[in-house]
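Please look at the sequence and the structure before reading on.

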Amino acid sequence: MSRLQSVRGMHDVLPDEAQIRRRIEQVWIDAACGFGYEEIRFPLVESTALFQRSIGETTDIVEKEMYTFEDRNGESLSLRPEGTAGCVRAAIQHGLIPNRQQRLWYLGSFFRHERPQKGRLRQFDQFGVETFGMCGPDIDAEILLLGWQGWQRLGLSPQLMLNTLGNPDERAAWRRQLVDYFSRFESQLEDDDRRRLKTNPLRLLDSKSKSIQDLLEEAPRLEDLLGAESRAHFEGLREILDAHGIDYTLSPRLVRGLDYYDFTVFEWVEESLGAQSALGGGGRYDRLVEQLGGRATPAAGFALGLERIRECLEAEAVAAVDIYLVALGGGETACLRALAMRLRQEIPGLRVRMNMEEGSMKSQMRRADKSGAQAVLIMGAEELSQQSVTLKFLRGSEEQQTVLLDNIAAILAEHFASTG
Ligand code: AMP
């Protein structure tokens, strides 16, 4: 029978890799908790309408990339392609938003039916934050500072690309000017771009086609249409970033692929990754809560792609075991199993692996070595009769010693406290 494979674009994460991914996740969780953010979890599946109403009917995600299916009772459902919509839905549904300020973080898997390639999967993990009820530039700055701290802890320094999309009126005026401008060159546009001109002209700004890139040089700029409020917001944000010495690159063509943003938008970019170089991005979405049926509430957030962050790191997995236990008979096994339970209880964090399926001393020692453990505890008939174990270090030059069972926990606690 043919062997089944994982679905294209959806990858298994094997133990060594999972350990590295868990470290990355912990960095972001710690960064968010350090700013007083709280965790929220929401379902992998939502009604399709949620994403259509939030992300936008004419975005690539909703038009081409969602995993949409009919439930058994005929309802249209979709696997979540991003986190903001579900987070807002949950916050409205459970009354987290009115008259409150909320700072939330989430971590989980998302699904987009894109063409799989480096940095582009069909199932991928994101870490994100969402904030509600705060409208000033200081909350935009706060999430960027939180991001900066995460990057620092990972030893990364992606470029922060920053832009403002102004308010909806300013953007509508800009959109009209862009349509007028690009319509004059319609015959030079590729099919996809001609379609975008009709449905979502702002998306022309991140088109990869050479003709658009050339035309953009002379295209109308939103910056020239911004009113006092939009300018003050953006300047306020820049002042805080400057005060903290956070570098950023002003990026007037950054529009992001989702419809719900206003004012601030940003992306963290690591050029060395090649075509899919955005590690994450976000911005303000002050209209979305109302659009999804809640009371008008200012909001801002970001999401990061954990697979792409992993690509930037040279991390290696470390051993999963500290102590390996080798028994040379049935009575010895029972005694060691009890010792293992006591060690795990008395030395929190100590990773103790018990050998299974006895085997010869040689084969058990081979398994011990393979596990990466620093030390082995061996119990044969003699040790059992003396209520002791032999402690043998597998790495380093420490001498092997026989230790009474009553004393072994203290010795190991001391050893592992000093080696970390
Ligand atoms: P977005 O909200 O689409 O900008 O996504 C935020 C981040 O998630 C991106 O910057 C990527 O790091 C990551 N991401 C988005 N789509 C994918 C994908 N198909 N595969 C892997 N990572 C992705």
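Arginine 195 and aspartate 192 are separated by about one helical turn, because they stand three residues apart in helix H7 (residues 191-199). Helices here are DSSP runs of H or I with at least four residues, strands are runs of E with at least two, and both are numbered from the N terminus. The two side chains form a salt bridge, with the closest N and O atoms 3.2 Å apart. The term salt bridge means a side-chain nitrogen of Lys or Arg within 4 Å of a carboxyl oxygen of Asp or Glu. Arginine 195 is partly exposed, at a relative accessible area of 31%, and aspartate 192 is partly exposed as well, at 36%. Buried means under 20% relative accessible area, exposed means over 50%, and partly exposed lies in between (1.4 Å probe, protein chains only).

This is a predicted model, in which local features need pLDDT of at least 70 and side-chain atom pairs count only at pLDDT 80 or more, while totals for chains, interfaces and linings use all residues. Residues are numbered from 1 along each chain as its sequence is written, and side-chain values use heavy atoms, with hydrogens and water left out.

How many salt bridges does the rule give? The count comes to 27.

| Salt bridge | Closest N and O atoms |
|---|---|
| arginine 195 and aspartate 192 | 3.2 Å |
| glutamate 307 and arginine 21 | 3.2 Å |
| arginine 171 and aspartate 262 | 2.7 Å |

Glutamate 307 forms its salt bridge with arginine 21. This pair links distant parts of the chain, since glutamate 307 is in helix H11 (residues 306-311) and arginine 21 is in helix H1 (residues 15-34), 286 residues apart. Both glutamate 307 and arginine 21 are buried.

Arginine 171 forms a salt bridge with aspartate 262. Arginine 171 belongs to helix H6 (residues 168-183) and aspartate 262 to strand E9 (residues 262-269), so the pair ties together parts that are 91 residues apart in sequence. Arginine 171 is buried, with a relative accessible area of 10%, and aspartate 262 is buried at 2%.

Salt bridges can also be joined into a network, as they are for Asp60, Lys64, Asp193 and Arg196.

Next come the surface patches. Patches are made of residues with over 30% relative accessible area and no salt bridge; like charges are joined within 9 Å, and nonpolar side chains (Val, Leu, Ile, Met, Phe, Trp, Tyr) within 5 Å. Lys362, Arg366, Arg367 and Lys370 gather in a patch of positive charge on the surface. Lys and Arg count as positive and Asp and Glu as negative, with His and the chain ends not counted. A charge is placed at NZ of Lys, CZ of Arg, CG of Asp or CD of Glu. Lysine 362 lies in helix H13 (residues 361-371) and is exposed, at 62% relative accessible area.

Leu44, Val45 and Phe69 form a nonpolar patch, with about 220 Å² of accessible area together. Accessible areas come from the Shrake-Rupley method with a 1.4 Å probe, and for residues only the protein chains shown count as cover. Phenylalanine 69 is in strand E3 (residues 68-70) and is partly exposed, at 36%.

A search of the whole structure finds zero disulfides (pairs of cysteine sulfur atoms within 2.5 Å). For cysteine 135, the nearest cysteine sulfur belongs to cysteine 87 and is 19 Å away. Cysteine 135 is exposed, with a relative accessible area of 53%.
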